[in-house]
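This report goes through a structure with chains A and B.

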Amino acid sequence: MFSYCFPLLCLFYNLWKIFDRRRHQNCYILDYECYKPSDDKKLSTRFCGEVIRRNKQLGLNEYKFLLKAIVSSGIGEDTYGPRMVLEGREMSPTLEDAIIEMDDFFLDTIDKLFNKTGISPSEIDVLVVNISMLAIVPSLSSRIIHHYKMREDIKVYNLTGMGCSASPIAINIVQNIFKTQRNVQALIVTSESLSLGWYTGKDRSMILTNCLFRSGGCAILLTNKVALKEKAMFKLKCLVRTHHGAKDESYDCCKQKEDDQGYEGVHLGKNLPKAATRAFVDNLKEIAPKILPVRELLRFTLLTLIRKMTQKYNKTGAAARPVINFKTGIDHFCLHTGGKAVIDAVAQNLNLSEYDIEPARMTLHRFGNTSASSIWYVLAYMQAKKRLKKGNKVFMISFGAGFKCNSCLWEVMRDLDQDGNVWKEFINSYPPKTIDNPFFEKYGWINEEDPDTFHIPDDYVIP
Amino acid sequence: MPQILPNFSSSVKLKYVKLGYQYLVNHILTFFLIPIMVGILVEILRLGPEEMLNIWRSLHFDLVQVLCSSFLIIFIATVYFMSKPRSIYLVDYACYKPPITCRVPFSTFMEHSRLILKDNPKSVDFQMRILERSGLGEETCLPPAIHYIPPTPTMEAARGEAEVVIFSAIDSLMAKTGIKPKDIDILIVNCSLFSPTPSLSAMVVNKYKLRSNIKSYNLSGMGCSAGLISIDLARDLLQVHPNSHALVVSTEIITPNYYQGSERAMLLPNCLFRMGGAAILLSNKRRDRSRAKYRLVHVVRTHKGADDKAYKCVYEQEDPQGKVGINLSKDLMVIAGEALKSNITTIGPLVLPASEQLLFLFTLIGRKIFNPKWKPYIPDFKQAFEHFCIHAGGRAVIDELQKNLQLSAEHVEASRMTLHRFGNTSSSSLWYELGYIEAKGRMKKGDRIWQIAFGSGFKCNSAVWKCNRTISTKTDGPWQDCIDKYPVHIPEIVKL
């Protein structure tokens with residue numbers, strides 16, 4: 001009798017061990033904090049016009065082109081820029097400027113995050129920093145460790161060059177470490193450095209980055225401790241990365257290089273939208289089976305089959321292509337705010353309504369394109385608007401240089417209310433009645449002038 | 001030297017006592033088991049075969065009992081194999097060998113220095129003195145853009161250098177291992193000071209047309225110890241993803257970072273850093289076990305960034321003229337020693353044999369209880385490792401470590417010769433050193449290797465490898481054509 005129990009006990013123990021291991025491998029977000037720069041760093045359209053005007057390299061045509069780009073970009077009047085632009089030194093930025101820009105962000109946001117969650121810096125076991133355009137010695141991750149006096153055996157990774165899609169890559173590293181070790185707390189810091197990447201030449205494809213990118217950043221605290229499950233905000237369900245670097249057109253469409261005169265800048269090629277769409281479609285193809293309910297997948301497969309068969313027998317008159325409905329598996333969409341065109345294209349592809357893309361549009365309007373941290377601002381908007389309820393699924397997707405498209409799906413662990421968010425002070429004024437740039441009509445005068453006789457009148461004040 | 005022992009005139013006898021002690025403690029299990037086995041054997045022989053058969057028949061073997069015991073054995077075996085972390089194998093690695101046209105002998109370097117810094121003869125003198133004592137040889141290489149007077153560090157040139165170094169290393173690795181680009185599942189590239197957009201990892205994906213679901217990571221800013229950080233990341237990823245190959249590329253791109261000013265502390269890196277790169281293939285597939293060269297045993301990382309002096313000792317900043325360069329502080333050696341001590345305290349218990357650990361424990365207890373004046377016992381790491389690969393950061397670093405760890409000249413030979421032939425190639429120097437040991441035919445199966453690297457931050461990382469199969473000297477590598485010249489004697493000061 002006793003000898004029967006023993007193997008049974010062993011079996012149960014084995015099964016429990018496997019289950020227990022799985023339990024400890026979940027990736028939870030404890031909290032996150034987005035960076036709100038101080039108000040003296042605001043870049044209005046008027047100021048942008050001024051910045052363009054004082055660049056002696058740019059002529060009338062460039063002025064027109066850039067103003068048009070800024071005004072129709074969907075970026076509002078309250079976005080933030082690096083300090084050196086506001087101080088008028090953008091033509092000769094120094095390393096000090098870049099470091100100050102980063103310090104402003106670190107000291108503000110990471111402090112707030114630690115205070116909010118009550119976790120001390122010495123409890124952090126993993127630190128991942130991704131700031132694409134700045135690589136200094138010692139690394140920015142060492143800078144954070146130095147300032148917060150973190151432990152000696154910390155696992156630290158400093159990712160650079162990975163573009164606007166770097167957030168899911170950082171989460172991927174943390175997710176993998178969580179699967180190998182228990183009771184780990186991780187800190188991800190994501191931002192973008194604009195100071196040293198500021199383009200000072202006159203190639204149009206490169207100046208666009210100056211106009212569209214803005215200062216911003218986010219610090220996220222993650223853990224796989226089961227004890228902290230109650231306090232967690234989100235749980236990671238699934239993460240998919242797609243890399244189209246193998247295709248030459250995708251690789252070359254967003255590239256940092258020197259222009260003909262030797263000025264360094266990031267060149268955005270004309271086939272950027274096409275490369276983005278291809279990577280986007282591939283990524284969706286891979287993640288859709290993992291996140292959508294079986295019902296939707298079956299429906300889509302059936303419709304595709306039916307369409308194929310009707311096409312075979314009936315050569316004329318193609319039926320409309322069946323569109324997979326992502327809203328059956330996803331409640332909220334966090335889209336990378338690459339620009340108005342990007343948001344519109346994604347919305348059209350995924351068949352999203354205005355309500356779905358409102359967070360992304362509002363983030364683009366209020367904070368601009370903050371590169372890798374933009375999806376966190378979008379998430380913060382949804383939280384501030386009290387849209388996130390327990391059990392909701394949030395889908396994050398971002399694109400970046402390379403060409404990469406990375407996406408992940410989060411499940412909301414508890415009803416989230418605003419409690420001290422970056423949008424706190426002004427959420428009630430969103431969405432505004434119109435987000436069109438107020439100066440849209442005012443710049444019409446430029447179109448009528450003849451370039452040879454054009455001069456800005458002395459009493460003209462840029463509105 | 002442990003001074004708990006009396007004076008060294010009678011050290012000959014002491015040596016044998018120590019040897020005997022080591023054999024005793026390290027093989028203590030064998031010493032217990034052998035008498036027991038002998039006892040059992042004697043007992044069996046005494047009883048005779050018929051008695052043995054009687055005992056056998058008297059055991060009742062029930063079906064249930066048979067089932068249970070076999071189940072138990074199978075269960076224990078499964079649990080044991082499943083709970084073991086996957087072994088990570090280093091299948092092979094390849095180092096970049098710069099072409100002879102990029103050579104920078106001392107005369108070339110000094111001539112360039114005099115022409116570029118003609119207004120600062122003191123700085124030129126300083127560079128000459130550093131070069132004389134640096135331990136570098138005449139065959140180290142700098143990238144083509146730096147050979148211009150003045151150097152032309154454009155982004156195009158930096159990309160060009162990256163392409164040449166990284167692609168040559170990966171091409172040679174693929175030729176050696178026969179791996180196809182489609183088989184690579186994980187890609188990690190580390191280059192400290194050059195990080196273009198799109199990243200160097202995207203550049204590799206583009207050139208070799210790697211798969212679109214590849215997991216790529218681009219680490220930078222992590223200094224000369226970044227190679228081992230990449231290996232650590234690869235190890236964590238390979239634990240999670242079964243049946244995968246990971247390609248790790250470690251390099252340092254010199255072109256954009258050549259200091260063009262005249263501050264002396266920042267001219268130091270110009271004299272030491274040279275072109276180099278390595279590509280390493282790691283795998284956790286069982287079928288690679290037979291052809292892999294090494295197995296990864298431990299990786300230990302120590303970060304001293306919390307300490308102010310450690311953080312500032314390797315610092316990138318602008319000089320008063322606005323030129324960017326890396327400032328190496330004067331306490332670099334002291335800080336390196338401290339970081340090494342921290343690293344050793346963690347790695348010691350993992351790798352040292354029981355004899356050393358006991359000695360260390362006894363001295364520790366002694367110091368605490370009996371007499372605090374006893375000198376701390378420095379464990380003898382030669383017991384734990386056969387080969388040492390110390391990052392060739394500079395002659396002073398190697399000297400300091402040789403003193404701290406009490407290593408012989410042969411142990412640090414690989415590091416010194418790598419510094420002489422290739423200069424300080426930053427994160428890839430460990431792989432050149434490993435190549436040296438293999439080319440000399442010293443690598444035998446079962447040998448344990450300790451790789452130590454320091455980097456800005458201040459970090460000290462170490463990795464422990466175990467050799468999987470004896471490596472013949474015929475393997476090609478960067479040392480192939482010159483290994484017979486080595487080791488060379490490197491004088492303290494080379495008169496220029």
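## Confidence in chain A

Within chain A, the lowest confidence falls in helix α15 (residues 445-448) of chain A, with a mean of 52, and the highest in strand β6 (residues 185-191) of chain A, at 95. These values are pLDDT, the predictor's confidence in each residue, from 0 to 100. Helices (H or I, at least four residues) and strands (E, at least two) are DSSP runs, numbered from the N terminus. The average pLDDT of chain A is 85, and 91% of the residues score at least 70.

## Basis of the values

This is a predicted model, in which local features need pLDDT of at least 70, side-chain atom pairs count only at pLDDT 80 or more, and totals for chains, interfaces and linings use all residues. Residues are numbered from 1 along each chain as its sequence is written, chains are lettered from A and ligands numbered from 1 in the order in which they are written, and side-chain values use heavy atoms, with hydrogens and water left out.

## Cysteines

How many disulfides are there over all chains? The count is zero, where a disulfide is a pair of cysteine sulfur atoms within 2.5 Å. For A:C34, the closest cysteine sulfur is in A:C218, and the distance of 3.9 Å is too far for a bond. A:C34 has a relative accessible area of 4% and is therefore buried. Buried means under 20% relative accessible area, exposed over 50%, and partly exposed in between (1.4 Å probe, protein chains only).

A:C211 is not in a disulfide either. The nearest cysteine sulfur to A:C211 is that of A:C48, 6.9 Å away. With a relative accessible area of 7%, A:C211 is buried.

## Annotated active-site positions in chain A

An unreviewed UniProt entry carries the annotation "active site" for A:C164, A:H243, A:H332, A:H336, A:H365 and A:N369. These positions are spread over 206 residues of sequence and also in space, with up to 28.9 Å between C-alpha atoms. UniProt positions are given in the numbering used here, feature names are shortened, and annotations may be inferred rather than shown by experiment.

A:H336 sits in the loop between β11 (332-335) and α12 (340-350) of chain A. Its relative accessibility is 5%, so A:H336 counts as buried. The side chains of A:H336 and A:S374 are joined by a polar contact of 2.8 Å. A polar contact is a pair of N or O atoms within 3.5 Å; within protein, one must be able to donate a hydrogen and the other to accept it, and residues adjacent in sequence count only if both atoms are side-chain atoms. A:H365 is placed in helix α13 (residues 354-367) of chain A, and at 14% relative accessibility A:H365 counts as buried.

## A residue of chain A in contact with chain B

A:I177 belongs to helix α7 (residues 166-180) of chain A and is buried, with a relative accessible area of 0%. Beyond its neighbours within four places in sequence, A:I177 is in contact with A:V126, A:K155, A:Y157 and B:D236. For the complex, the predictor gives an ipTM of 0.84 and a pTM of 0.87.

## Chain B

Chain B has 16 helices and eleven strands, and its C-alpha trace spans about 100 × 65 × 45 Å along the principal axes. Of its 496 residues, 53% count as buried. The mean pLDDT of chain B is 87, with 97% of the residues scoring at least 70. Residues 1-6 of chain B stay under 50.

The unreviewed UniProt entry annotates residues 20-42 and 63-82 of chain B as "transmembrane region". Residues 20-42 of chain B are 96% helix and 0% strand, with end C-alpha atoms 29 Å apart. For residues 63-82 of chain B, the span is 100% helix and 0% strand, and the end C-alpha atoms lie 28 Å apart.

Technical notes:
Contact = heavy atoms within 4.5 Å.
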